[in-house]
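Let's walk through this fold together, one feature at a time. Keep the model open beside you as you read.

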Amino acid sequence: MTDLAGRAAKIELLLLDVDGVLTDGSIVYTDEGAELKRFHVRDGSGLKLWHGLGKRSAIVSGRRSKAVERRAAELGVAPVLQGRDDKLSALDAVLAATGLRADQVCAIGDDLPDVPVALRGGVTVAVADACPELRAAAHYVTAVPGGGAVRDLIEWLLKLRGEWDRVVAELKK
């Protein structure tokens with residue numbers, strides 16, 4: 001087993017950034033001041049597959065948005081920590097809330113605030129259009145940018161763990 005496959009085998013939780021990961025990074029405001037976010041449906045289906053395997057996910061975002069709360073609730077993502085500029089302390093809070101260790105976490109991000117978490121977690125993933133510093137620290141760079149990248153991560157991780165074919169076969173039953 002390669003070192004990366006060994007790391008992947010330990011992963012129990014996906015730590016997700018929002019803007020630039022679960023979305024394409026755009027922030028859209030209506031004239032009335034409401035913020036709109038556009039989530040990719042395949043990220044949701046990937047997270048449902050992941051959760052169906054008994055695994056967990058959490059969100060850590062530097063910004064706050066009711067749309068994030070709603071999407072997380074729809075998908076069963078918890079805990080959700082928003083308004084957290086210090087993502088390393090947010091990781092510590094997620095670990096405390098879940099009882100997991102840092103090496104059981106796969107973090108996906110897109111920008112500089114995600115780098116400290118990348119250096120501490122078990123497996124680090126950068127979206128295709130992430131900043132160079134995060135891509136350099138990543139074990140994997142997704143084939144697609146944010147807004148679809150979480151599904152890519154889940155497929156890659158399950159293939160690395162040797163679980164993808166079984167998961168797909170179960171869906172065909």
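Tyr140 is buried, with a relative accessible area of 18%, and Trp156 is buried too, at 15%; buried here means under 20% relative accessible area, exposed over 50%, and partly exposed in between, with a 1.4 Å probe and protein chains only. Before going further, please note that this is a predicted model, in which local features need pLDDT of at least 70 and side-chain atom pairs count only at pLDDT 80 or more, while totals for chains, interfaces and linings use all residues. Residues are numbered from 1 along each chain as its sequence is written, and side-chain values use heavy atoms, leaving out hydrogens and water.

What do the rings of Tyr140 and Trp156 form? Rings of Phe, Tyr and Trp (its six-membered ring) pair if their centres lie within 6.5 Å, and planes under 30 degrees apart count as stacked, over 60 as edge-to-face and the rest as tilted. The count by this rule is one aromatic pair. Tyr140 and Trp156 make a stacked pair, 4.4 Å centre to centre with 5 degrees between the planes. Tyr140 sits in strand β8 (residues 140–141) and Trp156 in helix α7 (residues 149–160), so the pair ties together parts that are 16 residues apart in sequence. Helices (H or I, at least four residues) and strands (E, at least two) are DSSP runs, numbered from the N terminus.

Stay with α7 and look for its neighbour, helix α2 (residues 41–52): the two axes come within 7 Å and cross at roughly 35 degrees. These axes are lines fitted to C-alpha atoms over the stretch in contact, with angles running from 0 to 180 degrees between N-to-C directions. Contact means heavy atoms within 4.5 Å. On the α2 side the contact includes Leu47 and Trp50, which face a set in α7 that includes Ile154 and Leu157. The residues of this contact divide into seven nonpolar, two polar and three charged, where Ala, Val, Leu, Ile, Met, Phe, Trp, Tyr, Cys and Pro count as nonpolar, Asp, Glu, Lys and Arg as charged, and the others, Gly among them, as polar.

Now for the cysteines. The whole structure has zero disulfides, a disulfide being a pair of cysteine sulfur atoms within 2.5 Å. Cys106 is buried at 0% relative accessibility, and Cys131 is buried at 11%.

Finally, visit the loop between α3 (66–75) and β5 (80–81), where Pro79 lies. Ala78 and Pro79 are joined by a cis peptide bond, with omega about 5 degrees.
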